[in-house]
Amino acid sequence: MSTFFTASLCGIALGLVFWRLSLPGGPVVGAMLGGALYQFLAPSRAIPPSGMDLVVQLAAGISIGLSFNRELLHISRQALPWAVGAALALIGLGVGLAWMVARFSGIGLATALFGLAPGGITGMGVLAQAEGGKPALVGFFHTVRIILTFLLVPLLGRLLR
């Protein structure tokens, strides 16, 4: 049995357990932790097949795109200025935090900036590598952010209803 297949089964199993327990972001967080646990505990590292990240991104894009509707066009016109403002504020905050992380941790500024930037693991990792950062460390920052976001934002949403 290939290491990738075994690692995938670990991710699927923990993702389904988290989903069954109704944990916020359960399937994604559980699958990420299952895959990570495999990588940390297995004697040999699992390597995903070439192009798998593209397939996953395409599937996510299709799934998100299919959730769009005409009502969203009306809402998005009102929300666009807020979305742009929030994005610029987060980028500004990220630059400040990246400077502090780089200064006090010894992590390079490019790595810290891409690790703290709003965006996805794969996109920021590729950009970090192109700009002289460390893509694995950027991926670690984003993985921590995603897990915490998937756990905390739904809880906050439930509390603030």
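Tutor: Two packed helices are described by the angle between their axes and the distance between the axes. In this predicted model, take helix α2 (residues 26-41) and helix α7 (residues 135-159): their axes come within 9 Å and cross at roughly 145°.

Student: Is the crossing of α2 and α7 left-handed or right-handed?

Tutor: The crossing of these two helices, α2 and α7, is left-handed.

Student: Which residues in α2 and α7 meet?

Tutor: From α2 come Val28, Val29, Met32 and Leu33, and they meet Thr143, Ile146, Ile147 and Phe150 of α7. Sorted by class, this contact has 7 nonpolar residues, 1 polar residue and no charged ones.

Student: How many helices and strands are there in the protein?

Tutor: The protein has 7 helices and 0 strands. Along the sequence, the pattern reads α-α-α-α-α-α-α. Its C-alpha atoms fill a box of roughly 50 × 40 × 35 Å along the principal axes.

Student: What share of the residues is buried?

Tutor: Of the 161 residues in the protein, 19% are buried, where buried means under 20% relative accessible area. The protein exposes about 11,400 Å², and carbon and sulfur atoms supply 74% of that area.

Student: Where is confidence lowest, and where is it highest?

Tutor: Where pLDDT is low, the predicted coordinates should not be read in detail. Here the protein averages a pLDDT of 88, and 99% of the residues score at least 70. Confidence is lowest in helix α6 (residues 121-130), with a mean of 80, and highest in helix α1 (residues 3-20), at 95.

Technical notes: Residues numbered from 1 in each chain as written. Predicted model: local features only at pLDDT ≥ 70, side-chain atom pairs only at ≥ 80, totals over all residues. Heavy atoms only, no water. Axes fitted to C-alpha atoms, helices over the stretch in contact; angles between N-to-C directions. Helix = DSSP H or I, 4+ residues; strand = E, 2+ residues; numbered from the N terminus. Left-handed = near helix turned anticlockwise from the far one by under 90°. Contact = heavy atoms within 4.5 Å. Nonpolar A, V, L, I, M, F, W, Y, C, P; charged D, E, K, R; others polar. pLDDT = per-residue confidence, 0-100. Buried < 20%, exposed > 50% of the residue type's maximum accessible area, 1.4 Å probe, protein only. Areas by Shrake-Rupley, 256 points an atom, 1.4 Å probe, with all protein chains shown as cover.
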